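This report describes the architecture of a protein model. The sequence and structure are shown first, and the description follows.

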There are 2 protein chains.
Amino acid sequence: MRVIGVDPGTSVTGFGIVEKNSQHFRFLEAGVVRTQPRSSKADRLLQIFERLTGVIEQFQPAIMSLERSFVGENVQSAFRLGEARGVAMLAAACGGLDVFEYDPTSVKLAVASYGRADKQQVKMMVRRTLTLSDAVDLADDASDALALAICHLGVASMPIAPPARNRASAAEWRR
Amino acid sequence: MRVIGVDPGTSVTGFGIVEKNSQHFRFLEAGVVRTQPRSSKADRLLQIFERLTGVIEQFQPAIMSLERSFVGENVQSAFRLGEARGVAMLAAACGGLDVFEYDPTSVKLAVASYGRADKQQVKMMVRRTLTLSDAVDLADDASDALALAICHLGVASMPIAPPARNRASAAEWRR
């Protein structure tokens with residue numbers, strides 16, 4: 001199974017693609033979309049969308065694993081983050097991918113076996129899981145995205161079913 | 001000048017297109033995108049995106065006037081609303097439209113000369129401004145979208161420049 005993890009943000013969006021065959025994780029790609037601060041918001045969203053759709057077309061993952069981060073966000077920053085998340089989900093829908101969402105604690109638990117692991121601990125475990133040498137440069141947001149992909153692949157391979165895909169939470173969407 | 005007003009929402013997104021030549025407002029189109037509650041969130045965003053890009057392609061507006069609504073929203077609903085807003089902005093970027101944002105009070109002031117006007121008062125003034133007869137059915141969200149378009153056209157025609165377009169608020173975007 002091939003999964004793209006996406007850590008959406010309006011300035012920096014991380015993405016990472018991981019494949020799992022039997023018990024073996026394989027690193028395929030990781031990177032960040034850094035949008036131009038002088039561009040309009042709409043143009044920045046377009047930069048994110050175009051990069052994600054390009055990566056999805058190239059690597060053909062079946063699943064998008066997306067961060068669901070409510071923690072420490074105020075309403076205004078939630079709006080901004082929601083805009084980037086919406087565009088990431090749209091890229092998934094355009095490519096026919098199913099979307100699963102995981103909160104940061106679940107990701108840390110799945111990757112580092114500790115729900116309060118810091119970024120460096122997560123990155124170390126991502127490197128270890130994917131057998132990436134220290135020579136491979138890995139931005140924080142790309143590492144977080146790979147952790148999201150690993151999280152889904154770990155949860156999906158467990159005997160217990162993964163959390164229902166987002167269609168189950170349709171009630172949230174009613175205004 | 002031709003403007004599409006968009007009132008984004010995950011369940012219902014209103015849109016309305018208005019043209020202004022000299023002092024004359026002309027109604028072109030209005031409608032709502034009602035997404036399927038049983039669809040996944042990503043598919044619902046795709047439904048919004050496809051409808052908006054279709055309408056933009058058909059009517060070729062130069063500007064998108066978008067509601068910026070923070071009022072009464074908690075963080076979780078701001079996330080959801082942000083997702084729909086992001087997709088609306090992306091549709092604008094794909095069509096080469098500039099995006100302007102207006103808060104609900106500014107829209108009510110521009111359309112009904114009263115910042116606390118209710119939906120029915122706004123709808124009445126939208127009908128009057130666009131000389132729409134009562135026979136024309138107008139959903140609340142479509143009326144709000146037309147009000148956004150009228151608001152931009154009113155503000156843009158005043159001797160004072162309209163609010164700086166969204167690229168001025170790049171600072172908001174930094175995480």
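## Overall organisation of chain A

Of the contacts in chain A with a separation of 6 or more, 70% are between residues 24 or more positions apart; two residues are in contact if their C-beta atoms, placed from the backbone, lie within 7 Å. The model is predicted: local features need pLDDT of at least 70, side-chain atom pairs count only at pLDDT 80 or more, and totals for chains, interfaces and linings use all residues. Residues are numbered from 1 along each chain as its sequence is written, while chains are lettered from A and ligands numbered from 1 in the order in which they are written.

Chain A contains five helices and five strands, arranged from the N terminus as β-β-β-α-β-α-β-α-α-α. Helices (H or I, at least four residues) and strands (E, at least two) are DSSP runs, numbered from the N terminus. Of the 175 residues in chain A, 49% are buried. A residue is buried if 20 or more other C-beta atoms lie within 10 Å of its own, exposed if 12 or fewer, and partly exposed in between, with C-beta atoms placed from the backbone.

## The sheet of chain A

The five strands of chain A form an open sheet of mixed pairing in the order β3-β2-β1-β4-β5; two strands pair if DSSP finds at least two bridges between them. At the edges are β3 (24-34) and β5 (98-102) of chain A, each of which pairs on one side only. Neighbouring strands of this sheet are turned by 20° against each other on average, direction ignored.

Within the sheet, β1 (residues 2-7) and β2 (residues 12-21) of chain A are antiparallel and share six bridges, with Val3(A) opposite Val18(A) in β2(A). Helix α1 (residues 41-59) of chain A packs on the sheet and touches β1, β2 and β3 of chain A; its direction makes about 155° with that of β3(A). Axes are lines fitted to C-alpha atoms, for helices over the stretch in contact, and angles run from 0 to 180 degrees between N-to-C directions.

## Strand pairing in chain B

In chain B, strands β2 (residues 12-21) and β3 (residues 24-34) run antiparallel and are joined by 10 bridges. Val18(B) faces Phe27(B) in β3(B) across this pairing. The hairpin has two residues between its strands, and Ser22(B) takes a positive phi near 50° there.

β4(B) and β5(B) pair in the parallel sense over five bridges, and Glu67(B) stands opposite Tyr102(B) in β5(B). Four of the five residues of β5 (residues 98-102) of chain B are buried, so this strand is largely enclosed by the rest of the structure.

Val122(B), Lys123(B), Met125(B) and Val126(B) are buried in helix α4 (residues 119-129) of chain B. They cover an arc of only 165° around the axis, which puts them on the same side of α4(B); the arc is that of the directions from the helix axis to the C-beta atoms. Gln120(B) and Arg128(B), on the other side of α4(B), are exposed.

Most residues other than glycine have a negative phi. Gln60(B), which is not a glycine, has a positive phi of about 50° and lies in the loop between α1 (41-59) and β4 (63-67) of chain B.
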